[in-house]
Amino acid sequence: MSIQKRSDEFKNWIAQSDIFDIDLWWDPTFEEGFVLYDDFDKQMKDYEAFGLKKGIVTFSDSAFRDAYEGNAKLAEMLKGRDGLYGAMVVLPEMGYAEDKGEAYVKSMMEQGFVAARMFPKTYIHSMQEYAIGPILDTLEKLGMPLMLWHTEATWDDMDRICTNHPGLNVIVESHTRKLLYHARDYVGLMRKHKNFFVETHNLVLFNEFETLYKYCGCDQLLYGSYYPYMTPHFSLYPVMQAVIPEEDRQKIMSGNAKRIFAL
């Protein structure tokens, strides 16, 4: 197959697919990319040029500066943007007063937030139940999935959370360290816990999708691009080329996300 024909096939597949990206970021302080953004409208215009429009956005300020302030700023940014939803960053103290913690999460949900994140190393807190149990109880009660970087939380942390909170969907996002170094861990977690999910942008091991499909099926895989830190083409092409049934490929691209985020 010629390069042009393969490129056309890729573009046609994107155009015909229903794609929901769970891993979009807004980070105007990012300075290491080939293309940098200080305007969210410009970033999303470029993103749509890849053929993608829908997804979940996290604001870097929430993750690395001030969770409350970053969450509030993102809520304002998302107003009137059809197809875009928010991921809030939660802290242990949000669950200290149960009524206030639940009210806060509900208020974010009313403003279009569908996911929560934790950054325990950045915010210097334990991942044991004595610290995070109350806020996880709130997320579980309200049906808001939790997203974690495997560079911020251990696989044992994730196992414990999935066990202690069976009604809470936990998603590992691979961040900067490739998941291929941890295949035995995350495959084991997928097989043990039906509430454990893997975001796909860094699944780059040869035949990784086929192997995961063999051992775990496709219901626990969620497409993410990690845009603008990475181009969506990097994460889309391996899914398109995976030797799996087309019905299951489309579950990865959007069906599973619509199910667990109740979209």
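Author: A disulfide is counted here when a pair of cysteine sulfur atoms lies within 2.5 Å. In general terms, a disulfide is a covalent bond between the sulfur atoms of two cysteines. Please note that this is a predicted model, in which local features need pLDDT of at least 70 and side-chain atom pairs count only at pLDDT 80 or more, while totals for chains, interfaces and linings use all residues. Residues are numbered from 1 along each chain as its sequence is written, and side-chain values use heavy atoms, with hydrogens and water left out.

Reader: How many disulfides does a search of the whole structure find?

Author: The search finds zero disulfides. The sulfur of Cys216 has its closest cysteine sulfur in Cys218, 11 Å away, which is too far for a bond. For Cys162, the closest cysteine sulfur is that of Cys216, at 13 Å, again too far for a bond.

Reader: Is Cys162 buried or exposed?

Author: A residue is buried under 20% relative accessible area, exposed over 50%, and partly exposed in between, using a 1.4 Å probe and protein chains only. Cys162 counts as buried at 3% relative accessibility, and Cys216 is buried too, with a relative accessible area of 13%.

Reader: How does one describe a pair of helices?

Author: Two packed helices are described by the angle between their axes and the distance between the axes. Helices (H or I, at least four residues) and strands (E, at least two) are DSSP runs, numbered from the N terminus. Axes are lines fitted to C-alpha atoms, for helices over the stretch in contact, and angles run from 0 to 180 degrees between N-to-C directions. Here the axes of H7 (residues 155-164) and H8 (residues 183-192) come within 11 Å and cross at roughly 5°. H7 and H8 are therefore roughly parallel to each other; the classes are roughly parallel under 35 degrees, roughly antiparallel over 145, roughly perpendicular from 65 to 115, and oblique for the rest.

Reader: Which residues of H7 and H8 make the contact?

Author: Contact means heavy atoms within 4.5 Å. H7 contributes Trp155, Met158, Asp159 and Thr163, and H8 contributes Asp185, Tyr186, Leu189 and Lys192.

Reader: Which residues does Ala257 contact, apart from its neighbours within four places in sequence?

Author: Ala257 lies in H11 and counts as buried at 1% relative accessibility. Its contacts are Phe20, Ile22, Leu222, Ala262 and Leu263. Phe20 is 237 residues away along the chain, yet the two C-alpha atoms are separated by 7.1 Å.

Reader: Where is Pro228 placed, and what kind of peptide bond joins Tyr227 to Pro228?

Author: Pro228 is in the loop between strand E8 (221-222) and helix H10 (232-241). The bond between Tyr227 and Pro228 is cis, with omega about 15°.
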